[in-house]
Amino acid sequence: MIFSGAAKGAGVLILAILAAVAIFLLVNAWPAISTPTDELSESVHWIKEGDSLLDYVGPLVFGTVLAALIALIIATPVAIAVALFISHYAPRKLAQIFGYVIDLLAAIPSVVYGLWGALWLMPQMFPVFEWLSEYLGFIPIFQGPAASPPRTILTAGIVLAVMILPIITAVSREVFLQTPTLHREAALALGATRWEMIRMAVLPFGRSGIISAAMLGLGRALGETMAVAMVLSPGFVYSFFILQAGQQQNIAANIALKFPESSGLGVNVLIFTGLVLFAITLLVNMIARWIVSRRAEFSGAN
Amino acid sequence: MAKRLDISDLNIYYGDFLAVEGVSMAVEPRAVTAFIGPSGCGKSTVLRSLNRMHEVIPGAYIEGKIALDGEDLYGRDVDPVRVRRSIGMVFQRPNPFPTMSIHANVIAGMKLNNQRMSKAQADEVVETSLRGANLWSEVKDRLNKPGSSLSGGQQQRLCIARAIAVQPDVLLMDEPCSALDPISTLAIEDLIGKLKQDYTIVIVTHNMQQAARVSDQTAFFNLAGVGQPGKLIEMDATEKIFSNPNQKATEDYISGRFG
Ligand SMILES: Nc1ncnc2c1ncn2[C@@H]1O[C@H](COP(=O)(O)OP(=O)(O)OP(=O)(O)O)[C@@H](O)[C@H]1O
Ligand SMILES: [Mg+2]
């Protein structure tokens, strides 16, 4: 009784905080929204002549989503593989050590990942990017010339991938370990090998958990500031060229870079981009929930 | 199909703990063998060692010999996965794969055995197995619904259908009716009576009447005390065990004069 009351109270509180954040963003973004297009570029020097607010935020949304998707595409399979290794293949001692290390990695601040990306990863990436542009350049996204230094969205995506890897791995491992013995043994007793057992019992059971884990990672990647600001040379076009510099930028890094030198309407524009980021993150979460609930009937939960 | 099992001098361990000691017995083909005995005496442990499911538990192993029609199941180059493909198992709690449809559940084992199977072949296996498990008429119109949408008794029969779909040599059942109502229990008992024409069946049960009704042979296990290993006390034709057992402990247990 007390517990359900407390839970309800907490739920209401969270909703209230969400609403307050949304209202704060909306109120502060309003001056930017209500300013006519021709006045906008006059008073904010980094908005191109004649561009509307949406013209400005569009490429940023694009860059944000692109960087996060690259990160997700790289990180999810690796995270699932590592989580499966820890939960089902590694000897128990080794698995414990691995699990511990992964938890530690999840606690590293993103600026450290940014430094690592800028100082160590970037030099390593250049030959790889050159190779990609030379041999896979016929695929539009890999079109050269590969930037040097490779301050590109692919580098940013890789840094983000490494950054979100621990959280996706940690959550997936937890989920995999919770596969009911009942289902694992059902598969094994039918004569499944370990890998077949994983495909028949562990992965289907962990499916919604993997999606939640990936969405947690995606949320982090969408909102990441420092790691992106430190390795990406920004650009403001809708561009799929992931090996070229000066093409894309993400919202959070853009706010961080522009905020110190902004005043008046400029701040309102930046807050508007923040509002858009907030909306994207909410949307991602809702889609994730929808995916998870859509197959509830077939899920391992019943 | 049906093959005999010969067990000799079987010791079963969980790590350092000796759970079952010195079991020797023969399980006849095309017959039902029942394991009875008080809780903790090692019935499930012995059953699970017969298809090498025991060693799935970390640290668990056995000593001794188990042979299927003369072939040592624990031989040096015997793959446990292959053993489990020829010795099927039904668990105490029904465990259909919840993410799979009824249809997919039935052919799950087949898919492991031979990856390529035409749709017609698969449908035929599904129908024969579900008929074999007396479930066909109840589910034939909803084969694409998840296995978890069935009642407990239906789920258990689905698990039996899944186990017999691969046409195993032996079928092991660990208290298959303990989670079911009397009507589903009767349905499964009828089914066991029918299946024994084709399979070697071993069933663990706490229900004396059930053991008396369905089995041809009965093995009584007991343990001297907590922490002591379980042992096979005696094994004989079911009528003999239930009317005139050789051991006093068996008689006490069966007549209920026992903890
Ligand atoms: N996973 C395990 N790890 C360690 N010991 C176990 C494990 N499973 C069973 N045991 C022990 O092995 C002994 C035999 O257990 P088992 O489950 O075979 O008994 P049982 O005869 O099937 O009992 P029940 O009738 O209650 O099912 C018991 O002492 C039990 O505590
Ligand atoms: Mg048992």
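Predicted model: local features only at pLDDT ≥ 70, side-chain atom pairs only at ≥ 80, totals over all residues.
For B:E175, the distance from a side-chain N or O atom to an oxygen atom of ligand 1 is 3.3 Å. How much of ligand 1 does the protein cover? On its own, ligand 1 has 630 Å² of accessible area, and the protein covers 63% of that.

Which elements of chain B give two or more residues to the shell around the ligand? They are β2, residues 17-27, and α1, residues 43-50. Of these, α1(B) gives the most, with three residues. The shell has 13 residues, and the ones that come nearest to ligand 1 are B:S39, B:K43, B:S44, B:T45 and B:H206. If you sort the shell by class, you get five nonpolar, six polar and two charged residues.

While we are looking at chain B, let me show you a backbone detail. B:R30 is not a glycine, yet it has a positive phi of about 50°. You can find B:R30 in the loop between β2 and β3, where β3 covers residues 32-36.

Now let's walk over to the place where the two chains meet. The size of an interface is often given as the accessible area lost when the parts come together. Here, chain A and chain B bury about 2100 Å² between them, and 65% of that is on carbon and sulfur atoms. Chain A brings 21 residues to the contact, and chain B brings 29 residues.

How many salt bridges does the rule find across this interface? There are two. Side chains of opposite charge can pair when their charged atoms come close. One pair to look for is A:E196 with B:R85, whose side chains meet in a salt bridge at 3.1 Å, N to O. There are also four residue pairs in polar contact between chain A and chain B, counting pairs with both residues at pLDDT 80 or more.

On the chain A side, the elements that give two or more residues to this contact are α7, residues 181-189, and α8, residues 194-223. The most comes from α7(A), with seven residues. By class, the chain A side divides into 10 nonpolar, six polar and five charged residues.

Let's stay with chain A and step back for a moment. What does its secondary structure come to? The answer is 11 helices and zero strands. So if you follow the chain from the N terminus on, you read α-α-α-α-α-α-α-α-α-α-α. Taken along the principal axes, the C-alpha atoms of chain A fill a box of roughly 70 × 60 × 30 Å.

Over all chains, a search of the whole structure finds 17 salt bridges. Here is one inside chain A: the side chains of A:D103 and A:R173 meet at 3.8 Å, N to O.

The peptide bond from A:S148 to A:P149 is cis, with omega near -5°. A:P149 is found in the loop between α5, residues 110-135, and α6 of chain A.

My last stop is A:V267, which lies in helix α11, residues 265-294, of chain A. Leaving out residues up to four places away in sequence, A:V267 touches A:F259 and A:S262. And how far apart are A:V267 and A:V44 in sequence and in space? They are 223 residues apart in sequence and 9.2 Å apart in space, C-alpha to C-alpha.

Note on methods: Residues numbered from 1 in each chain as written. Chains lettered and ligands numbered in written order. Heavy atoms only, no water. Contact = heavy atoms within 4.5 Å. Buried area = accessible area lost by both parts, 1.4 Å probe. Salt bridge = Lys/Arg side-chain N within 4 Å of Asp/Glu carboxyl O. Polar contact = N/O pair within 3.5 Å; in protein donor to acceptor, adjacent residues only side chain to side chain. Helix = DSSP H or I, 4+ residues; strand = E, 2+ residues; numbered from the N terminus. Nonpolar A, V, L, I, M, F, W, Y, C, P; charged D, E, K, R; others polar. Near = heavy atom within 4 Å. Areas by Shrake-Rupley, 256 points an atom, 1.4 Å probe, with all protein chains shown as cover.
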